[in-house]
Amino acid sequence: MTATDFPALITLLTEGGVEFIVIGGVAATIHGSAHITVDLDLLYRRSPDNIERLATALAPIRPYLRGAPEGLPFHFDTATIHRGLNFTLQTTLGALDLLGEVAGAGTYDKVLPEAETALLAGRPFHCVSLRRLIAMKRAAGRPKDLNVIAELEALLEEHERDE
Amino acid sequence: MFAWRGHAIDDQSSLTAWPGSGRTQYTTLVTEARIVIEPDPVIEVFKKDIDRTLLRANLKLSPEERLRKMQSAVSGLRLLREAYAKSRP
C-alpha cells in the first residue's frame, strides 16, 4: 500500500476546483501538531456541481473502497457519491476519507464560515479551525483521540499565549 | 466512560490569522461564532505529558512547511518499514 501523498492529493483537488475543507489529522498537522497521520480526511460540499468536480478530479487516481475485496463493481462516479455520504477510499496517491457530514461540525456549508485558508504551492485551500477541530475530536468521543485532543488544546494555549 | 464536555458557542466576531506563523499571507478574515472549549479534567491530565517543545518548533513553520515536514516523516517511516520487512528471513 502506498504512503499517502498529502500535498499531491490536496493539489489535485484544488486544481479540479473541488470545494473541500481539510479536517482530521492533516488539519492537526497544519495547525502545528507533532502527530503523524496516514490518511487525508476531507469534508466536501454536497452540491451537484461539486460532486461532479469531485468525481472528475479523482478519476485519474482510481478511488476504490479501502479494505474491500478486489473486483467489486465499485465506480466512484457522481451516482455513487449521490447515493452515499462518507467514503473511505484507497487511491494511487494514498488513503483518502471523504465526509459529507461529520459529528461535532455538520456539513461543509456549516464549517466553511469559520474555516481558515492556507496556501500549498501558492494555491489556497480551506482547513478547519483549531477550535472546530477540537470540538470534532471531542464529539467523536474515541479514547484513542485523548492524547490528540490534549495536544490540540495545548496548541490552542500556545496560540493564545502568542496573541 | 470519559466525561466529555460539550462546547458552547458565543457570537463574537473576530479577525483570525494563522497563529505562530507570523506570515500575513496566511491571514484570513473570518466572522465566526467562536467555539468555546471548556476545560475537561481528563484532557487536562493528558495535557501534562504533551511535549510543547515540538509544538513550538512546528509553530515557527508556515502551514505548508508543517504539512511537508509531516509528509517527509510519513515517507521516511514507510522506507524504514520496507527495509525492516526485507531484512527479515
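By salt bridge I mean a side-chain nitrogen of Lys or Arg within 4 Å of a carboxyl oxygen of Asp or Glu. Arg52(B) sits in helix H2 (residues 52-59) of chain B and Glu157(A) in helix H7 of chain A, so this pair joins two chains. Helices here are DSSP runs of H or I with at least four residues, strands are E runs of at least two, and both are numbered from the N terminus.

A quick word on what we're looking at: this is a predicted model, where local features need pLDDT of at least 70 and side-chain atom pairs count only at pLDDT 80 or more, while totals for chains, interfaces and linings use all residues. Residues are numbered from 1 along each chain as its sequence is written, chains are lettered from A and ligands numbered from 1 in the order in which they are written, and side-chain values use heavy atoms, with hydrogens and water left out.

Back to Glu157(A). What else does Glu157(A) meet in a salt bridge? That's Lys47(B), at 2.7 Å, N to O. This pair also crosses between chains, from H7 (residues 146-162) of chain A to helix H1 (residues 41-47) of chain B. Lys47(B) is buried, at 8% relative accessible area, and Glu157(A) is partly exposed, at 32%. For the cut-offs, buried is under 20%, exposed is over 50%, and partly exposed is in between, with a 1.4 Å probe and protein chains only.

Those residues belong to a network of salt bridges that also includes Arg138(A), Glu153(A) and Arg56(B). Over all chains, the count is 20 salt bridges.

Now over to chain A, where Asp145(A) and Lys137(A) form a salt bridge at 3.8 Å, N to O. Asp145(A) is buried at 3%, and Lys137(A) is buried at 12%.

Lys137(A) turns up again in the largest pocket, as one of the residues nearest its centre, along with Gly24(A), Gly25(A), Asp41(A) and Arg142(A). A pocket, on a 1 Å grid over the protein atoms alone, is an open set of points where a 1.4 Å probe fits, with protein on both sides within 12 Å along at least five of seven lines; lining residues have an atom within 4 Å of a point. This one holds about 600 Å³, counted as the space filled by probe spheres set on points joined across faces, edges and corners. H6(A) gives the most to its lining, with four residues.
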